[in-house]
Amino acid sequence: IGSVYNNLKEHKKALEFSQKSLEMYERLKVGDQVNVAKCHNNIGTAYGALNDPQNSLKYFLLAADMHKRMKLNDDLETANSLFIVGLAYNQCQDYQ
């Protein structure tokens with residue numbers, strides 16, 4: 001639901017629902033790391049749209065780290081995740 005609200009440009013609702021989803025996955029400990037990473041990406045997207053680049057970067061880094069650790073042989077997903085991290089650093093004006 002969070003990604004739908006992000007697409008509708010309702011970023012506060014996206015943040016709310018993505019955080020609830022993340023909390024549920026963590027509480028249930030279902031080991032669904034793919035969806036946990038998606039929650040982190042959705043939260044990062046919402047924070048970026050809400051002009052909070054530091055929190056945006058934090059969640060994008062969490063998602064990128066998860067993608068690297070999952071080793072699902074999905075280099076495209078890892079590459080996309082790292083690309084988004086680069087965009088977040090740019091939004092933070094952190095060029096190092």
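**Entry 1**

I looked up Tyr47 and found it buried, at 14% relative accessibility. I note that the model is predicted. Tyr59 is buried too, with a relative accessible area of 14%. I then checked how many aromatic pairs there are, and the structure holds 2. In one of them, the ring centres of Tyr47 and Tyr59 lie 5.9 Å apart. Their planes meet at 25°, so I logged the pair as stacked; the cut-off for that label is under 30 degrees. Tyr47 sits in helix 3 (residues 33–49) and Tyr59 in helix 4 (residues 53–70). The two are 12 residues apart, and the pair links distant parts of the chain.

**Entry 2: Tyr5 and Phe17**

Next I took the pair of Tyr5 and Phe17. I read 5.4 Å between the ring centres and 20° between the planes, so this pair is stacked. Tyr5 belongs to helix 1 (residues 2–7), Phe17 to helix 2 (residues 11–28). Here the partners are 12 residues apart, and again distant parts of the chain are linked.

I asked myself: is Phe17 buried, exposed or partly exposed? I found a relative accessible area of 27%, so Phe17 is partly exposed. I also checked for a charge over this ring. Lys20 lies over the face of Phe17, 5.6 Å from the ring centre.

**Entry 3: His67**

Last, I went to His67, which lies in helix 4. I noted 10% relative accessibility, so His67 counts as buried. Which residues does His67 touch, leaving out those up to four places away in sequence? I listed Ala37, Asn41, Glu77, Thr78 and Ser81.

Definitions and conventions: Residues numbered from 1 in each chain as written. Predicted model: local features only at pLDDT ≥ 70, side-chain atom pairs only at ≥ 80, totals over all residues. Heavy atoms only, no water. Phe/Tyr/Trp six-rings, centres within 6.5 Å; stacked < 30°, edge-to-face > 60°. Helix = DSSP H or I, 4+ residues; strand = E, 2+ residues; numbered from the N terminus. Buried < 20%, exposed > 50% of the residue type's maximum accessible area, 1.4 Å probe, protein only. Lys NZ or Arg CZ within 6 Å of the ring centre and 35° of its normal. Contact = heavy atoms within 4.5 Å.
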